Amino acid sequence: MVLIFLDQAGGHIRKASLEAASYGAAIATQTCTTTEAIVLGTISEDLSSLGKYGISTVHNISDASLDEMDAAVYTKVIADFITASNATVIVFANNLVAKAVAPRLSARLNAGYVSGAVALPDTSNGFVVKKNVFSGKAFANVSINTAIKIISLNSNSFSILVGDGVAEIKTVSATISPAKVKVLSTNKVVGEVPLTEAEIVISGGRGLKGPENWGLVTDLAKLLGAATACSRPVADIHWRPHHEHVGQTGIAIAPNLYIAIGISGAIQHLAGVNRSKTIVVINKDPEAPFFKAADYGIVGDAFEVVPKMIEAIKKIKEN
Ligand SMILES: Cc1cc2nc3c(=O)[nH]c(=O)nc-3n(C[C@H](O)[C@H](O)[C@H](O)COP(=O)(O)OP(=O)(O)OC[C@H]3O[C@@H](n4cnc5c(N)ncnc54)[C@H](O)[C@@H]3O)c2cc1C
């Protein structure tokens, strides 16, 4: 059986998990087995509708203590479930939860783990998974030889496939060990599109000269329902908060549309954004390296180009 780990936030299944579900269902078809899923915590949506992504059964361990992720607690609960089931392939969306839980699970179950898969495994002779290496500059084909195989799927690497199935829901009980780390308080950013979930990201760099000019980025983002991001120096000099910094040492994102304003396109920046489906670059220097990675480029001063874009989009929206 292929087991999908469904990641939830606030009781809702994250979009990246739906890609993982479609991907896992395709592996199950390829290897002539079934697709089931596990979700931890209290869920406020209809889990049976997940059947349309190819899942036959959703196992919900609905204990409220699992609403927030604790890597050690999650690992034990999932490992116990896998041990009691006949799951041989476990699929995660490659996000922060997977980064915290999947390696621990791999160690606990003695299971081979490939993070950041970008294509279906080749099962014609063994189980070989293709993944990005060197910040997306090359691919590696990695063979998993253990009985249990764990994969995390890069976002935007596999299309969500929608059918008309209905999943059976099973409520499962589990022995939950108390967390060794207690979260005393959390400070959640509200009212913004989360960067890792965003379909559109508007990002600003040092070319914007100072934090007082960030209205250009935020106005465009609001208009397009986008998240905002920035280059590393912008966060380092405190023009923008660090949680917006994308790149090799920041968050890696893969939105459908990435608009980079006044960002040079250094290799360390590209490492975090080059999996975006469409990249638009606005830079006044025609030699800026980012243009080589761009699908569309606008050579011009951001302070002239962006207000014109905002006006044009407003006009389109009005009509
Ligand atoms: C180990 C290491 C890790 C790193 N990790 C990261 C990372 O994760 N993320 C990251 O972003 N960087 C990272 N960096 C830094 C990276 O190398 C670059 O220095 C950084 O990305 C440059 O940021 P920038 O493009 O905003 O600024 P700059 O390089 O200063 O570029 C500004 C750009 O704006 C353009 N511009 C100027 N004025 C205008 C205008 N009016 N209109 C339009 N365009 C204009 C300029 O032509 C220029 O291309 C890392 C560096 C190292 C050494």
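Trainee: Let's start with Val299. Which strand is it in?
Mentor: Val299 sits in strand β16, residues 296–299. Helices (H or I, at least four residues) and strands (E, at least two) are DSSP runs, numbered from the N terminus. This is a predicted model, where local features need pLDDT of at least 70 and side-chain atom pairs count only at pLDDT 80 or more, while totals for chains, interfaces and linings use all residues. Residues are numbered from 1 along each chain as its sequence is written, and side-chain values use heavy atoms, with hydrogens and water left out.

Trainee: What does Val299 touch, not counting residues up to four places away in sequence?
Mentor: Val299 touches Asn283, Lys284, Pro286 and Phe291. Contact means heavy atoms within 4.5 Å.

Trainee: Okay, zooming out. How many helices and strands does the protein chain have?
Mentor: The secondary structure comes to 8 helices and 16 strands. The radius of gyration is 21 Å, close to the 20 Å that the globule rule gives for 319 residues, so the chain is as compact as a globular protein of that length. That radius is taken over C-alpha atoms, and the globule rule is 2.2 Å times the number of residues to the power 0.38.

Trainee: What are the spans along the principal axes?
Mentor: The C-alpha trace spans about 60 × 45 × 40 Å.

Trainee: How much of the chain is buried?
Mentor: Of the 319 residues, 47% count as buried. Buried means under 20% relative accessible area, exposed over 50%, and partly exposed in between (1.4 Å probe, protein chains only).

Trainee: Now the helices. Is α1 enclosed or open?
Mentor: In α1, 13 of the 16 residues are buried, so this helix is largely enclosed by the rest of the structure. Helix α1 covers residues 15–30 and reaches 23 Å from its first C-alpha to its last, close to the 22 Å expected at 1.5 Å a residue. The expected span is 1.5 Å times one less than the number of residues.

Trainee: What follows α1?
Mentor: Cys32 does, with a positive phi near 55°.

Trainee: Moving on to α3, which residues are buried there?
Mentor: Val97, Ala98, Ala100, Val101, Ala102, Leu105, Ser106 and Leu109 are. They pack against β1 (2–6), α2 (71–84), β6 (89–93), β7 (112–117) and β10 (149–153). The helix itself, residues 96–109, reaches 20 Å, close to the 20 Å expected for its 14 residues.

Trainee: Where does Asn110 lie?
Mentor: Asn110 is in the loop between α3 and β7. Asn110 has a positive phi of about 55° although it is not a glycine. Most residues other than glycine have a negative phi. At 64% relative accessibility, Asn110 counts as exposed.

Trainee: And Gly112, buried or exposed?
Mentor: Gly112 counts as buried, at 18% relative accessibility. Gly112 is in strand β7, and leaving aside neighbours within four places in sequence, Gly112 is in contact with Ile144, Thr146, Ile148, Lys149 and Ile150.

Trainee: Last one: what is the phi of His238?
Mentor: The phi of His238 is positive, about 65°, although His238 is not a glycine. His238 is in the loop between α5 (232–236) and β14 (257–261), and counts as exposed at 65% relative accessibility.
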